[in-house]
Amino acid sequence: MGNKKIIAVVGATGSQGGGLVRAILNDTDGGFKARAITRNPSSDKAKELKDLGAEVVEADIDNKESVIKAFKGAYGAFCMTNFWEHFSPEKELEQAKNMAEAGKEAGLKHVIWSTLEDTRKWIPLDDDRMPTLMEKYKVPHFDAKGEADEYFTASKVPYTLLFTSFYWDNFINFGMGPQKGEDGELAITFPMDKKELPGIAAEDIGKCAYGIFKAGDNYKNKIVAIAGEHLTGKEMADIFSEVYGKKVKYNAVEPEVYRNFDFPGADDLGNMFQFKVEQEEYFCTIRDVNATRKLNPELLNFRQWLEQNKDKIDV
């Protein structure tokens, strides 16, 4: 046990980080051990990870010194931010900077940064195809992560930029599951036209991160983009119908309609879906499912994920 490499995992009690911690703990011969980083070590989820065999360490990514201390002695770290906790791109940037600098000061040998595209590279702020949000962003929860990539690439710590995909868990946690419309019919609603949406189980993101760490130097200083499957809205609706035995249709709306839905972040998500539609070829091509499966042989497709989580979605 003593010669195992420590992986420090930010967001260990969440879906991505938790997936990585569990992947490490489940691979007893894998040469790694998990250090779960959390703001609240006394939470039920933190205690659960400790019971499974993880080292649980308290740190707050708003406090760089606490992160340095949590990273000390580790081989690598998995770094991520949660925009939806605070809706602040500036906070995400500051947190990413703290983690990148902490990785350097702690002498890490590999950092994985869970990130997304800076959409402004495709759609400049003065491009009126979609509204500019918060004065400086097109898709705030994408753009800040993409902008923060440079903190990790500049740190001189070997890095992997891990480009994630739409979480299918959003059907559970974000209220995106089938809803009854005015016509009484169940539908999922996205402004995706007939384009494909790369998606993934959040747990599989952590498993892919573990695959990257296990691969040694193979993915250092590279971009890795992952997805479990690429599906159109209609294909997702059809799978919902088959798994639940109820007719679920796909309701394709315009991005402008979606931006004006009555929930926090609707404008951000409306812009995000529009970006994915307009850049479908790029967005899908980079997120290669076969390459993802090499990192994580247990990779789920949408039907498998939905069958496993059937009871968590009220249809």
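Select K310 and Y244: K310 lies over the face of the Y244 ring, 5.8 Å from the ring centre. A charge sits over a ring if NZ of Lys or CZ of Arg is within 6 Å of the ring centre and within 35 degrees of the ring normal. Now select K5 and Y75. The charged end of K5 sits over the Y75 ring, at 4.5 Å from its centre.

This is a predicted model: local features need pLDDT of at least 70 and side-chain atom pairs count only at pLDDT 80 or more, while totals for chains, interfaces and linings use all residues. Residues are numbered from 1 along each chain as its sequence is written, and side-chain values use heavy atoms, with hydrogens and water left out.

**Whole chain**

Zoom out. The C-alpha trace spans about 60 × 45 × 35 Å along its principal axes. A compact globule of 315 residues would have a radius of gyration near 20 Å, and the chain has 19 Å, which agrees. That radius is taken over C-alpha atoms, and the globule rule is 2.2 Å times the number of residues to the power 0.38.

Colour by secondary structure: there are 13 helices and 13 strands. These are DSSP runs numbered from the N terminus, helices being H or I with at least four residues and strands E with at least two.

Colour by accessibility next. Buried residues make up 55% of the 315. Buried means under 20% relative accessible area, exposed over 50%, and partly exposed in between (1.4 Å probe, protein chains only).

Then turn to contacts, meaning heavy atoms within 4.5 Å. Among those between residues at least 6 apart in sequence, 76% join residues at least 24 apart.

**Helix 8**

Return to Y244 and select residues 233-244, which are helix 8. At 1.5 Å a residue its 12 residues should span 16 Å, and the end C-alpha atoms are 16 Å apart, which agrees. The expected span is 1.5 Å times one less than the number of residues.

Show the buried side: G233, M236, A237, I239, F240, S241, V243 and Y244. An α-helix has 3.6 residues a turn, so residues three or four places apart point the same way. Packed against the buried residues of helix 8 are helix 6, strand 9, strand 10 (196-200), strand 12 (229-232), strand 13 (248-252) and helix 13. Step just past the helix to G245, where phi is positive, about 70°.

**Aromatic pairs**

The structure holds 28 aromatic pairs. Rings (for Trp, the six-membered one) pair if their centres lie within 6.5 Å; planes under 30 degrees apart count as stacked, over 60 as edge-to-face and the rest as tilted.

Pick W168 and W305. Their centres are 6.4 Å apart and their planes at 45°, so the pair is tilted. W168 lies in the loop between strand 7 (166-167) and helix 6 (170-173), and W305 in helix 13 (residues 302-308), so the pair ties together parts 137 residues apart in sequence. Both W168 and W305 are buried.

Go on to F171 and F190. This pair is edge-to-face, at 6.0 Å centre to centre with 75° between the planes. F171 is in helix 6 and F190 in strand 9 (residues 186-190), 19 residues apart. F171 counts as buried at 3% relative accessibility, and F190 at 1%.

**Nonpolar cores**

A nonpolar core is a set of buried Ala, Val, Leu, Ile, Met, Phe, Trp, Tyr and Cys residues joined through side-chain atoms within 4.5 Å. Select L20, V21, F71 and L162: they touch the most other members of the largest core, which has 63 residues. Helix 7 (residues 202-214) gives the most to this core, with six residues. Centre on V21. Beyond its neighbours within four places in sequence, V21 contacts V9, A12, A34, A36, L49 and A54. A second, separate core of 38 residues includes V139, A201, I239 and V248.

**Q16**

Select Q16 in helix 1 (residues 15-26). Q16 counts as buried, at 5% relative accessibility. Leaving aside neighbours within four places, Q16 is in contact with F78, M80, S114, T164, Y167, A202, I205 and G206.

Select residues 140-154, helix 5. Its 15 residues reach 22 Å from first C-alpha to last, close to the 21 Å expected at 1.5 Å a residue. Among its buried residues are P140, F142, D143 and K145. Cover for the buried residues comes from elements including helix 4 (89-105) and helix 10 (266-278). K156 follows helix 5 with a positive phi near 70°.

Finish in helix 10 with D267. D267 counts as partly exposed, at 32% relative accessibility. Beyond neighbours within four places, D267 contacts L133 and R259.
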